[in-house]
Amino acid sequence: MVTPLIPGTGPRTPRTPRRDGALSVWPASTVPLDDGDLAVGGVSLTELADRFGTPVYLLDEAEVRARCRAYHDAFPGAAVLYAAKAFLCRAMAHWAEEEGLGLDVCSAGELELAVTTGFPPEHIVLHGNAKSPYDLQAALRLGVGRIVIDSPSEIARLAVAVPEGSRQKVMVRVAPGIAAGGHAKVRTGTDDQKFGLSLTDGSAHHAIARILDQPRLELVGLHCHLGSQIASAKPYLAAVRRMVGLLARVRDQHGVALSELDMGGGHGIAYRPGEPALDIAALGPRLRAELADSCAAAGLPVPRLIIEPGRAVVGPAGVALYRVLAVKRTGHRTFVAVDGGMSDNPRPALYGVRYAPRLVGRAGTVPLAPATVAGRHCEAGDVLAGEAELPGDIRPGDLLAVPVAGAYHLSMASGYNLVGRPPVVAVADGRARLLVRRESLDDIRGRDVGL
């Protein structure tokens, strides 16, 4: 199977510099309006909420595209793969392809949606610590560019499934023994979690040796993903050194110089003004220099670099809109209940993520005060934003906007309380268009065949 990953592209036009202050984490197109409203992509948020209802997610198409281009600027010559698990729909796959990105998928569902949209399968990599037989069959049937092997049992299972007379390009996911990430539940580079094969205990090298003995598998490189919400370059540089050490060992023991090194993603973004974020423009040159220096010291040719940003591409391009349903003051706390919650954003409950919601559509008449923005679900932990600064006159009917809502919102949404998942709307050049419609009661009823 001759299926090269998408070629790296040259530098693109730099994106607009970020602004300081309260709007620093909003899409670059965000503009305050006279009546307390905001416009994103030239579209009024209150008008968008009136047209599409709430809750609703919006995506600034220009912001997504600018962030794709920023990765090409920072990593010239590298293959940049968008991590579809952050958010995927047909339009998102189309934008990624148009901006020269490949795709990283984790299931047959993500894979088939992308391919049936027209995304080239040879530019897709399939991940997963527990790929089902259907996942592997779909990948082989559709002709994905790479399959990342994550466990010893997957080697024989995949080798048997590859049609006779062909070869499937594969990589090995390595756990390099490096702890990095914004929360314990998203650190994936250590030895004590479910992803990858340990570099420390020799599992990774043993798997490599087994793959090299399989005539239907073509080992083209190594893969490493340290975790999520990493705000420093240091862990990536350390991981490069360890991965190059393994590449050198493979060369010395097997006479094979692997040609690709995938360093994953996990690039941290700011959810609230003042929070740290990974500087991609600075990371790119440092990572490429470390790779070149480490390979020179080991006498290795420099492998092609692959990176897999997801959150950092789509997260800051998204905004979630909610309508206030109730305001309750108990003791020293104010609860602002909205018409969404953990069914459309489970991240605060899972990881303790903190957001900075903002009143839009009118100007508050009293000073800001701490408030807890709570969801509508039957869980005490259904809190979207604790200790949010909102006007003290917040009231039912008000509209709240939550920035940095593009990643791991709809992709992790659930059917809890059967409220239905929100729609996704793209904004660009003063126009709004529906990308994913709201999940209706008819959709929910249609899946229930119990009578």
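**The annotated binding site**

Mentor: Leaving aside neighbours within four places in sequence, tyrosine 408 is in contact (heavy atoms within 4.5 Å) with Lys85, Ala86, Arg311, Asn345, Pro346 and Arg347. This is a predicted model, in which local features need pLDDT of at least 70, side-chain atom pairs count only at pLDDT 80 or more, and totals for chains, interfaces and linings use all residues. Residues are numbered from 1 along each chain as its sequence is written, and side-chain values use heavy atoms, with hydrogens and water left out.

The "binding site" annotation comes from an unreviewed UniProt entry and covers Gly266, Glu308, Pro309, Gly310, Arg311 and Tyr408; such annotations may be inferred rather than shown by experiment. Of these residues, Tyr408 is included in the lining of the largest cavity. A cavity is a set of points on a 1 Å grid over the protein atoms alone where a 1.4 Å probe fits but cannot get out, and lining residues have an atom within 4 Å of a point.

Tyrosine 408 lies in the loop between strand S19 (399-403) and strand S20 (424-428); strands are DSSP runs of E with at least two residues, helices runs of H or I with at least four. With a relative accessible area of 13%, tyrosine 408 is buried, a term for under 20% with a 1.4 Å probe and protein chains only.

Glutamate 308 sits in the loop between strand S13 (304-307) and helix H10 (311-314). Glutamate 308 also counts as buried, at 5% relative accessibility. Not counting residues up to four places away in sequence, glutamate 308 touches several residues, including Asp104, His127, His223 and Asp262. Its side chain makes a polar contact with the side chain of histidine 127 at 2.8 Å; a polar contact is a pair of N or O atoms within 3.5 Å, one able to donate a hydrogen and the other to accept it within protein, and residues adjacent in sequence count only if both atoms are side-chain atoms.

Key
1 Å grid on protein atoms, 1.4 Å probe; cavity = no way out; pocket = protein on both sides within 12 Å on 5 of 7 lines; lining within 4 Å. Buried < 20%, exposed > 50% of the residue type's maximum accessible area, 1.4 Å probe, protein only.
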